[in-house]
Amino acid sequence: MKKTMRLLALTTVLTCLLGAASGGPKEGEQYFRLKHPVTGVAARQVVEVFWYDCPDSYAFEKPLENWAARQSPRVKVVRIPAAWTDQPGQLAYARLFYTLDRLGLAEREALPVFRAVRDQHQDLTTERRVLAWAATRGLDVDAVRTAYRSKAVDAKVKAAPALRERYQVVEEPTVVVGGRFRTSPLQVGSASDTLSVMDHLYRTA
């Protein structure tokens with residue numbers, strides 16, 4: 001009798017576990033496995049490919065920041081600007097990102113850039129306009145100018161399309177976890193649902 005009860009209890013636990021698993025995100029629906037995993041990255045690396053002039057990237061920025069801050073330890077999200085070689089506007093915003101990144105300001109100034117581009121409809125695709133925006137933010141304009149023109153930023157901008165291709169990203173924003181799995185709000189349906197999928201991928205990485 002006791003053996004039967006133990007078997008029933010074990011069956012119940014397994015049923016619950018299987019039910020929970022079946023209710024989780026499904027590969028091929030909420031997330032996809034990269035055909036060619038990115039090598040040389042940590043199993044829990046979190047990459048976001050974004051574009052400053054993308055409304056979905058803007059909407060996803062703050063929820064992603066909050067998600068990263070909730071993790072223990074806090075997750076350092078690797079940002080990659082979405083760039084195609086035949087899209088000069090995206091390459092220009094990649095230059096802005098790498099300029100701020102070189103100065104250690106990319107994370108702090110992410111939302112201000114989004115607000116300027118998306119809410120205030122500023123065009124920050126030229127050096128003159130970037131420097132004018134930097135002045136309104138109280139940034140060191142000379143330092144911004146130097147970084148904007150630097151060979152290091154030139155090299156990163158030129159490499160940006162190949163870096164995006166390495167992570168096999170075709171839309172923005174897209175999140176890639178561990179160099180193996182990708183998901184996005186456009187794929188899942190909403191920012192909050194994307195974060196739920198990211199939780200699953202991050203915790204099982």
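**Entry 1: ground rules.** I am reading a predicted model, where local features need pLDDT of at least 70, side-chain atom pairs count only at pLDDT 80 or more, and totals for chains, interfaces and linings use all residues. Residues are numbered from 1 along each chain as its sequence is written, and side-chain values use heavy atoms, with hydrogens and water left out.

**Entry 2: the pocket.** A pocket here is an open set of points on a 1 Å grid over the protein atoms alone, where a 1.4 Å probe fits, with protein on both sides within 12 Å along at least five of seven lines; lining residues have an atom within 4 Å of a point. I noted that strand S2 (46–50), helix H2 (55–70), strand S3 (78–81) and helix H3 (88–102) each give two or more residues to this lining. Helices (H or I, at least four residues) and strands (E, at least two) are DSSP runs, numbered from the N terminus. H2 gives the most, with 4 residues.

I then checked the volume, which is about 250 Å³; that is the space filled by probe spheres set on the points, with grid points joined across faces, edges and corners. By class, I found 10 nonpolar, no polar and 8 charged residues in the lining. Ala, Val, Leu, Ile, Met, Phe, Trp, Tyr, Cys and Pro count as nonpolar, Asp, Glu, Lys and Arg as charged, and the others, Gly among them, as polar.

**Entry 3: H2 and H4.** How do H2 and H4 run relative to each other, parallel or antiparallel? The axes of H2 and helix H4 (residues 110–119) come within 10 Å and cross at roughly 155°, and the two helices are therefore roughly antiparallel. Axes are lines fitted to C-alpha atoms, for helices over the stretch in contact, and angles run from 0 to 180 degrees between N-to-C directions. Under 35 degrees counts as roughly parallel, over 145 as roughly antiparallel, 65 to 115 as roughly perpendicular and the rest as oblique. From H2, the contact (heavy atoms within 4.5 Å) includes Tyr58 and Glu61, and from H4 it includes Phe114 and Arg115. I counted 5 nonpolar, 1 polar and 6 charged residues there.

**Entry 4: H3 with two partners.** I followed H3 to helix H7 (residues 151–166), where the axes come within 9 Å and cross at roughly 125°, which makes H3 oblique to H7. Among the residues that meet are Leu91, Ala94 and Tyr98 in H3, and Val153, Val157 and Ala160 in H7. This contact divides into 9 nonpolar, 1 polar and 5 charged residues.

Next I looked at helix H6 (residues 141–149), whose axis comes within 9 Å of that of H3, crossing at roughly 120°; H3 is therefore oblique to H6 as well. Arg95, Thr99 and Arg102 of H3 make the contact with Val144, Ala147 and Tyr148 of H6.

Entry 5: Where does Pro73 lie? I found Pro73 in the loop between H2 and S3, and the peptide bond from Ser72 to Pro73 is cis, with omega near 0°. Another cis peptide bond joins Glu172 and Pro173, with omega about 0°, and Pro173 is in the loop between H7 and strand S4 (174–177). Last, I noted His121, which has a positive phi of about 55° although it is not a glycine; His121 sits in the loop between H4 and helix H5 (127–136).
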